[in-house]
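Subject: Structure handover

Hello,

Here is the structure for you to look over. My notes come after it.

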Amino acid sequence: MTDRVYIFDTTLRDGEQSPGASMNTNEKLRLATRLERLGVDVIEAGFPAASEGDFEAVSEIAGKIKDCQVAGLCRAGKSDIDRAWGAIQHAANPRIHTFIATSDIHLEYKLKMNREEVLQAAVDAVKYAKSFTDNVEFSAEDGSRSDPDYLCKVFGAAIEAGATVVNLPDTVGYAIPGEFAEMAKYVIEHTPNMHRAVLSVHCHNDLGLATANTLAAISVGARQAEVTVNGIGERAGNTSLEEVVMALHTRPNYLPMETGIQTEHIHPTSRLVSMITGMMVQPNKAIVGANAFAHEAGIHQDGVLKNPMTYEIMRPETVGLNKNQLVLGKHSGRHALRSRLKEMGYDLSDEELNLVFQRFKDLADKKKHVLDEDLEVIVTEGILRTAEIFQLTYLHVTAGTSVMPMASVELSINGRKVRAADWGNGPIDSAFNTIAKLTGTESELLRFSVSALTGGTDAQGEVTVRLRENGLVALGRGADPDIITASAKAYINGLNRLEYLKTHPVTASQTL
Ligand code: KIV
Ligand code: ZN
């Protein structure tokens, strides 16, 4: 007899709080559609009171997503709840997710409220949320460091007020699995009317224990897991969706629970998240890292060839790897491209397809086999980033052992073409200097990294940069068979993200 664990995805809310990982509305919509296809139960689309941009993105997602619930986060106060409801009210299945901290340290130093006042605020918030929808989740921020009896009292009152899900967060990533399981069990056994609600858990990864803590709580009865794709999130991140889902999938003998996740969509979703946030997945990351299924040791390779189960506990195909790897080449037509993109989850308009087809042809001229990863980049750069202010239209660099490195660049800035040339310490430095001059920006380059998007000597180079300007930090990502062009694209993408942050100021504290 298996039980259902509900997957609540917060990549678009807690995940977006990763330093620099901001996404524009187009990108968020694309990701939400992908999460719906992945089969998550709830998409937490954002924190509508935080900024106009968040409100707008959450409303658009709510209007589009049909097959899963869309949640809007709000603090326990009327104006936040009004904003959240305003953004999600048109969703097919909206959820208000309201929260307030319950640990003494948060009460004393952050909220400056006593326990009775917090309890009352929680009840008032749930009741007010309930006046809009029956689907209300209540979270006790810093729950893992709260007094368990007080926590049960607050949860009981929230359930009495109408909450259908109560969430126990390990906000600061402090819990240890055995201890967290005990706490979840205590909550289940001591919260009045707990049978009327689902217990959810939400863990952070500061001690690298987020997945372990989440599974420990599930093993004693928690039935909603709050997670993010690739485990992105503030500081060390959140519980990773793919780890929890694949642990349940791989160990049904120990954890006999199922989820609604279509596991073969895990890898493509992971790639999309890293593409649009600019956050690379570490190669040894469980499930979705580049090395997760790579067997180097001869003895392992030999075993896997004889029977994959000797060293593989999951098949790569189960998480969407290695299927249809070889996709298209320069003779492939528009029809083949459209159908491959459709399989990847991209239903493009004729106009979008024309644009992608042109870029695909350009790439296929330079690269023999165009793989899913390449198509993903084309769609991300060509369709999802169309609202960008700065676009690269021309780049020429000279460099070598006996020439001064020089770059000539043409950019389109809000549709207006501008050109300049400048020199630097090397071709990338000269390209960056010229771009900075043309855009009038003064960002500091905090990180620069290069890797290959796929295998093969003709693979596209993938560059990630981290930029800082006036206290704002943004990541940028670019890919191209030419590494200098990839670098220029990444730099420009980072500058566009900084512009986005400048024009979408956060008005409520997003640091929860
Ligand atoms: O970490 C946390 O406590 C949160 C809550 C708002 C659920 O993100
Ligand atoms: Zn969190």
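Below are the conventions, then the domains, the metal site and the salt bridges.

This is a predicted model: local features need pLDDT of at least 70, side-chain atom pairs count only at pLDDT 80 or more, and totals for chains, interfaces and linings use all residues. Residues are numbered from 1 along each chain as its sequence is written, chains are lettered from A and ligands numbered from 1 in the order in which they are written, and side-chain values use heavy atoms, with hydrogens and water left out.

Domains

The chain splits into domain 1 (3-277) and domain 2 (390-503); the bounds come from an automatic or database domain assignment. Their centres, taken over C-alpha atoms, are 37 Å apart. Domain 1 puts 12 residues into the contact and domain 2 eight (contact means heavy atoms within 4.5 Å). Between them the domains bury about 810 Å², 42% of it on carbon and sulfur atoms. Buried area here is the accessible area (1.4 Å probe) that two parts lose on being put together, summed over both. Gly20, Ser22 and Met275 supply 47% of what domain 1 buries against domain 2, more than any other three residues.

The rule finds one salt bridge across this interface (a side-chain nitrogen of Lys or Arg within 4 Å of a carboxyl oxygen of Asp or Glu). Arg497 pairs with Glu27 in a salt bridge, with the closest N and O atoms 3.9 Å apart. On the domain 1 side, helix H1 (25-38) and helix H10 (266-277) each supply at least two residues that touch domain 2. H10 gives the largest share, four residues. Helices (H or I, at least four residues) and strands (E, at least two) are DSSP runs, numbered from the N terminus.

Metal site

Which residues hold the zinc ion (ligand 2)? Asp14 (OD), His202 (NE2) and His204 (NE2) coordinate the zinc ion, at 2.0 to 2.1 Å. Donors are N, O and S atoms within 2.8 Å of the metal (3.2 Å for Na, K and Ca); water is not among the atoms, so sites may look incomplete. The donor spacing in sequence is D-x187-H-x1-H. Asp14 sits in the loop between strand S2 (6-9) and H1, and His202 in strand S8 (residues 198-203), so the pair ties together parts 188 residues apart in sequence.

Salt bridges elsewhere

The whole structure has 39 salt bridges. In one, Arg196 pairs with Glu160, the closest N and O atoms being 3.8 Å apart. This pair links distant parts of the chain, 36 residues apart: Arg196 is in the loop between helix H7 (177-190) and S8, Glu160 in helix H6 (residues 148-161).

Best regards
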